[in-house]
Amino acid sequence: MKRAFRQWWRGSDGTAAIEFAIVGGLFFMIILGLIDLATNFYRLHYVSFIADQAIRKIYINPAISSVDLQTWITGISDGRVTATLQASTRVTTMPEKDLVLTTPSQFVFLPVPVTLEITVSRTVPVVGPYF
């Protein structure tokens, strides 16, 4: 009995499974965290792209109302991005409008889900008497 116990204790059968159990969990957490981070960076890029498209639309039609712009942004983003267009509060030589786009985001693979909001803000100089 004593000899069988020593052989079992000194045997190396199953060590790879134990090492994988120790290291594998950490490895998968890192991979899932990177996927989650990349998804949020994609959302930030997506909102920035929509902001650039909205600025082009404002340049083409400076008299566009905030409601029309919000409707257009909601249409191209499938309702995932909200927008506000308001007169700038800064004192400058040229009239400006502030465009703020927000979208909800979430880190899914964390042990406790963290909800955050991605916000992109752009200042648009208004050309012409349409302010």
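1. At what angle do α2 and α3 pack, and how far apart are their axes? The two helices pack at an angle of about 140 degrees, with 11 Å between their axes. Axes here are lines fitted to C-alpha atoms, for helices over the stretch in contact, and angles run from 0 to 180 degrees between N-to-C directions. The value makes α2 oblique to α3, because angles under 35 degrees count as roughly parallel, over 145 as roughly antiparallel, 65 to 115 as roughly perpendicular and the rest as oblique.

2. The model is predicted: local features need pLDDT of at least 70, side-chain atom pairs count only at pLDDT 80 or more, and totals for chains, interfaces and linings use all residues. Residues are numbered from 1 along each chain as its sequence is written, and side-chain values use heavy atoms, with hydrogens and water left out.

3. The protein chain holds three helices and three strands. Read from the N terminus, its elements follow the order α-α-α-β-β-β. Helices (H or I, at least four residues) and strands (E, at least two) are DSSP runs, numbered from the N terminus.

4. Of the 131 residues in the protein chain, 24% are buried. Buried means under 20% relative accessible area, exposed means over 50%, and partly exposed lies in between (1.4 Å probe, protein chains only). Among contacts in the protein chain with a separation of 6 or more, 51% are between residues 24 or more positions apart. Contact means heavy atoms within 4.5 Å.

5. The strands form an open sheet of three in the order β1-β2-β3, with antiparallel pairing. Its edge strands are β1 (82-87) and β3 (114-125), each of which pairs on one side only. From one strand to the next, the twist averages 20 degrees. Two strands pair if DSSP finds at least two bridges between them.

6. How many bridges join β2 to β3? The number is 12, and these two strands run antiparallel. Ala 87 stands opposite Lys 97 in β2, while Leu 85 has Leu 99 of β2 as its bridge partner.

7. Two helices pack on the sheet, and they may be described in turn. Helix α2 (residues 15-60) touches β1, β2 and β3, and its direction makes about 160 degrees with that of β2. Helix α3 (residues 66-76) touches β1 and β2, and its direction makes about 155 degrees with that of β1.

8. The crossing of α2 past α3 is right-handed. A crossing is left-handed if the near helix is turned anticlockwise from the far one by less than a right angle, and right-handed if clockwise. On the α2 side, the contact is made by Tyr 46, Ile 50, Gln 53, Ala 54, Lys 57 and Ile 58, and on the α3 side by Leu 69, Trp 72, Ile 73 and Ile 76. By class, this contact has eight nonpolar, one polar and one charged residues. Ala, Val, Leu, Ile, Met, Phe, Trp, Tyr, Cys and Pro count as nonpolar, Asp, Glu, Lys and Arg as charged, and the others, Gly among them, as polar.

9. Is Asn 40 buried or exposed? Asn 40 counts as buried because its relative accessibility is 8%. This residue is found in helix α2. Not counting residues up to four places away in sequence, Asn 40 touches Ser 105, Gln 106, Phe 107 and Ile 118.

10. Ser 65 has its place in the loop between α2 and α3 and, at 31% relative accessibility, counts as partly exposed. Ser 65 and Leu 85 are 20 residues apart in sequence, and their C-alpha atoms are 8.0 Å apart in space. Phe 109 lies in the loop between β2 and β3 and also counts as partly exposed, at 39% relative accessibility. Leaving aside residues up to four places away in sequence, Phe 109 touches Leu 32, Ile 35 and Asp 36. Phe 109 is 78 residues from Ile 31 in sequence and 9.9 Å from it in space, C-alpha to C-alpha.

11. Pro 125 is found in strand β3. With a relative accessible area of 25%, Pro 125 is partly exposed. Pro 125 and Glu 96 are 29 residues apart in sequence, with a C-alpha to C-alpha distance of 4.3 Å in space.
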